[in-house]
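Try each task before you read its solution.

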Amino acid sequence: MLSRVADSIYWMSRYVERAENLARFVDVTHNMSLDLPRGSEQQWGALVYASGDQEYFEKHYGKPTRENVTQFLTFDPEYSGSILSCVQAARENARSVRESISSEMWEQLNQFYLTVCDAARAGLPESPNDFYLHVKNSSHLFVGITVTTFSQGEAWHFSRLGRVLERADKTSRILDVKYFTLLPSVADVGTPIDDLQWSAVLRSVSGFEMFRRRHHGITPKRVVGFLVLDRQFPRAIMHCVDTAFRSLHSISGSPQGTFWNIAEKQLGQLRSELAYSTVDEIIAIGLHEFLDSLQTKLNDIGGGIHQSFIAMNPDGQAKPSITTEA
Amino acid sequence: MNQSQTNATQLNFRGYDTKGFFDELIDEHDKPRLGAELLLRKFEELPDEEILQRQQMAERSLFQMGITFNVYGDNQGVEKIFPFDLVPRIIASEEWNRLERGLKQRIRALNLFIDDIYHDQKIIKDKVVPEVMLKSAKSFREQCIGINPPAGIWCHITGTDLVRDKDGTIYVLEDNLRCPSGVSYVLQNRFIMKRSFPWLFDASNVRPVLDYPGRLFQLLEYLAPEGIESPTVAVLTPGVFNSAYYEHSFLAQQMGVELVEGRDLVIHDGYVCMRTTKGFQRVDVLYRRIDDDFIDPKAFREDSMLGVPGLMEAYRNGRIALANAPGTGIADDKVIYAYVEKLIKYYLNEDAIIPNVPTYVCYDDKEREYVLANLDKLVVKAANEAGGYGMLIGPHASEDERRKFADLIQENPRNYIAQPTLSLSRIPTIVEDKFEGRHVDLRPYILYGEDIFVLPGGLTRVALKKGSLVVNSSQGGGSKDTWVIGSSPQQSQSQQQS
């Protein structure tokens with residue numbers, strides 16, 4: 001398939017997933033702040049911190065409050081990381097590959113975008129849960145339509161690759177921010193603490209019930225183990241990395257356990273690292289440090305994919321092979 | 001009509017005004033034209049709210065399908081649809097069959113003309129077309145001299161603009177032989193109409209149009225260089241910011257081929273290749289929707305960022321087929337247009353089945369004299385301009401504008417033609433909550449490959465502003481579905497899908 005098309009499909013999926021995760025972020029923070037004393041804006045500051053765009057935020061909004069952080073992450077048309085901007089970017093990518101995806105995928109994403117635009121014009125209602133639920137469901141619907149209408153060849157694998165890499169990154173960020181807020185002292189690890197707050201974190205990644213079935217009682221360590229290392233839960237980092245790994249090998253056709261390009265090497269290394277880690281080791285390194293390094297690796301993998309499949313230069317490539325099959 | 005209907009509806013054809021114009025659905029005695037009875041009756045039977053609701057649903061589904069134009073400078077979701085009107089145009093099969101024959105005749109002659117112009121130029125030597133017309137035509141491409149496109153076909157995809165005057169005569173207004181657009185709207189309009197009025201289709205025997213992408217693909221495959229068993233076909237677009245981008249992507253999608261931009265293509269070992277995730281892959285046929293000027297900076301405009309450097313050389317060496325062939329623009333030059341009836345006679349020894357609009361060539365002394373004396377009655381067009389630029393509509397122009405054009409014509413007579421002002425036919429159109437007559441034209445699409453195929457009907461464009469003759473989407477134009485009613489000669493033998 002065309003490199004440009006592969007790139008757009010990959011980013012289309014990434015942006016949809018990103019919008020969904022933003023909705024989860026903001027929504028869980030709204031929920032949790034209801035249980036906290038009024039005037040404690042620390043959680044909202046943490047969200048801005050997690051966005052990595054504090055400078056932009058301070059310049060345009062000043063001190064973080066519930067209202068302005070919500071606006072910033074949801075509808076700010078100038079900020080490229082808002083839900084509105086992500087859905088728009090997803091749709092623009094889809095528009096440039098309409099011929100390669102199913103019309104159902106395009107129409108749903110277009111509809112998604114139009115609804116978010118309408119909501120942005122109307123402004124967020126008093127209780128914004130419904131809106132975030134809508135974003136989440138629209139993303140799920142898009143994924144469902146993708147799975148049921150899109151031939152599962154190379155293009156489909158690029159779309160899945162984009163989705164799970166984005167998800168792995170975002171799960172790590174939710175965990176990082178909430179762990180930091182909820183557990184200022186390492187000594188508390190392993191002690192049963194505020195059940196309510198931790199179950200909110202699990203719910204924010206739709207993982208509450210699945211966690212319960214596996215672990216029953218909530219401890220921070222178990223939550224970390226579940227969200228980082230679980231192989232079966234679809235939003236757990238290990239599961240995402242494993243899925244990305246399989247898609248990448250389907251794209252290049254190389255046997256698992258070997259690598260033909262830089263992206264496969266990087267992803268294979270990360271997968272092994274996770275596969276042979278325990279939650280105790282992660283906590284010993286320091287969860288924040290661990291997650292930080294994980295995010296860097298995920299970033300590098302994105303760069304590796306670009307280098308291996310997209311940025312093909314006719315002059316730079318050593319010996320381009322001419323293939324006649326599509 | 002249908003006097004039994006007594007409820008106080010507005011959306012009916014009582015009092016519908018056809019005076020002074022040819023109406024496509026209703027004749028001068030307020031009777032439905034051939035083929036339109038059922039349609040008009042059904043529309044009268046439907047309650048107003050239901051018609052309006054369907055009209056709204058149609059518009060909404062265009063938004064949902066994302067068939068929209070961007071409004072530039074605003075990225076906050078202000079997009080517009082190409083307006084669509086629910087009342088279709090109807091063409092009875094007898095009339096259509098004649099038009100179809102006329103269009104095929106015209107395209108055969110124009111193709112022979114292009115081939116002649118880039119080879120022996122017999123038509124110039126025989127003085128049917130004056131040499132100066134060719135020499136001064138901006139759309140003549142020296143780079144194409146001596147090229148032999150597959151099967152001698154240059155203009156594979158054509159959209160010919162037809163208009164009907166007051167007396168009912170249909171004329172060819174313009175040939176579009178470069179990159180005619182609009183066919184995707186024909187298909188989408190039909191899709192929407194089928195969804196809005198399934199029972200009407202059931203009863204009406206409308207000729208199908210949805211096989212167009214399949215036919216287009218067949219044509220493109222047919223053009224592939226010899227010896228290639230399953231050729232790789234792609235659509236070449238200027239990119240997502242082009243106003244016809246939707247159509248490019250729609251056609252690629254419907255044909256199941258890649259949609260490429262110039263930056264996706266490279267010339268490798270003399271062949272045109274796409275950059276894919278697995279390396280370079282050869283392309284054999286390009287349906288290019290980029291103008292000649294921009295297609296190859298090495299052969300044409302150096303500053304083009306859209307094209308593929310070296311494409312023309314690969315084309316000349318027979319390593320890639322291009323549809324349409326570069327150079328076809330010479331045959332839709334506005335002055336060459338004036339000679340098309342003579343071309344038909346010259347190449348085919350036939351009389352034109354569909355006439356040209358009577359055209360005065362200002363290069364000719366006598367005709368120029370007439371034009372200058374009658375500027376207030378004529379439409380003057382510059383040969384090398386398109387999209388309504390460089391045009392004078394005499395009856396609506398000021399004294400000053402007419403004087404300015406008189407000077408322009410005298411300075412460069414070769415560059416101008418003039419035609420009488422036609423009074424375009426009208427058709428009932430939903431305007432707020434009633435039917436009013438609005439002016440229309442018609443663009444049928446013709447595919448020239450192993451044989452010539454004319455898509456039944458075509459794009460009916462309608463000027464939505466009262467009294468306006470401008471059907472362009474940028475100036476308040478919309479479109480309608482076009483129904484050719486009744487079986488085609490071939491069809492009556494073997495029933496096709498609908």
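**Exercise 1.** Find which residues of helix α1 (residues 37-45) of chain B are buried, and work out how they are arranged around the helix axis.

*Solution.* Step one: pick out the buried residues, which are L39(B), L40(B) and F43(B). Buried means that 20 or more other C-beta atoms lie within 10 Å of the residue's own; with 12 or fewer it is exposed, and in between partly exposed, with C-beta atoms placed from the backbone. Helices (H or I, at least four residues) and strands (E, at least two) are DSSP runs, numbered from the N terminus. Step two: look down the axis of α1(B); the buried residues fall within an arc of 95°, so they line one face of the helix. That arc is taken from the directions from the helix axis to the C-beta atoms. Step three: see what they pack against, namely α2, β3 (84-92) and α7 (198-204) of chain B.

A word on the ground rules: this is a predicted model, where local features need pLDDT of at least 70 and side-chain atom pairs count only at pLDDT 80 or more, while totals for chains, interfaces and linings use all residues. Residues are numbered from 1 along each chain as its sequence is written, and chains are lettered from A and ligands numbered from 1 in the order in which they are written.

**Exercise 2.** Work out which strands stand at the edges of the open sheet of 4 strands in chain B.

*Solution.* Begin with the order, β13-β16-β14-β15 (chain B), with antiparallel pairing. Strands pair if DSSP finds at least two bridges between them. Now go to the ends: β13 (360-361) and β15 (391-393) of chain B each have a single partner strand, so one side of each is left without a neighbour in the sheet. Finally, zoom in on one pair: 3 bridges join β14 (residues 378-382) of chain B to β15(B), and V380(B) stands opposite L392(B).

**Exercise 3.** Find how the two domains of chain A meet, and which element gives the largest share of the domain 1 side.

*Solution.* Start from the bounds, which come from an automatic or database domain assignment: domain 1 (1-150) and domain 2 (151-326). Next, count the contacts: 30 residues of domain 1 of chain A touch 27 residues of domain 2 of chain A, a contact being two C-beta atoms, placed from the backbone, within 7 Å. On the domain 1 side, α1 (3-34), α2 (42-51) and α7 (129-149) of chain A each give two or more residues. The largest share, 19 residues, comes from α1(A).

**Exercise 4.** Say which residues have the most contacts inside the largest nonpolar core.

*Solution.* A nonpolar core is a set of buried Ala, Val, Leu, Ile, Met, Phe, Trp, Tyr and Cys residues joined through C-beta atoms within 7 Å. The largest one has 225 residues, and A19(A), I83(A) and A90(A) have the most contacts inside it. Helix α1(A) gives the largest share, 14 residues. Leaving aside neighbours within four places in sequence, I83(A) touches residues including A19(A), L22(A) and V135(A).

**Exercise 5.** Decide whether S206(A) and E432(B) are exposed or partly exposed.

*Solution.* Take S206(A), in the loop between α9 (195-204) and α10 (208-215) of chain A: it has 14 C-beta neighbours inside 10 Å, so it counts as partly exposed. E432(B), in the loop between β17 (426-431) and β18 (434-443) of chain B, has 7 other C-beta atoms within 10 Å and is exposed. S206(A) has a positive phi of about 55°, and E432(B) also has a positive phi of about 55°.
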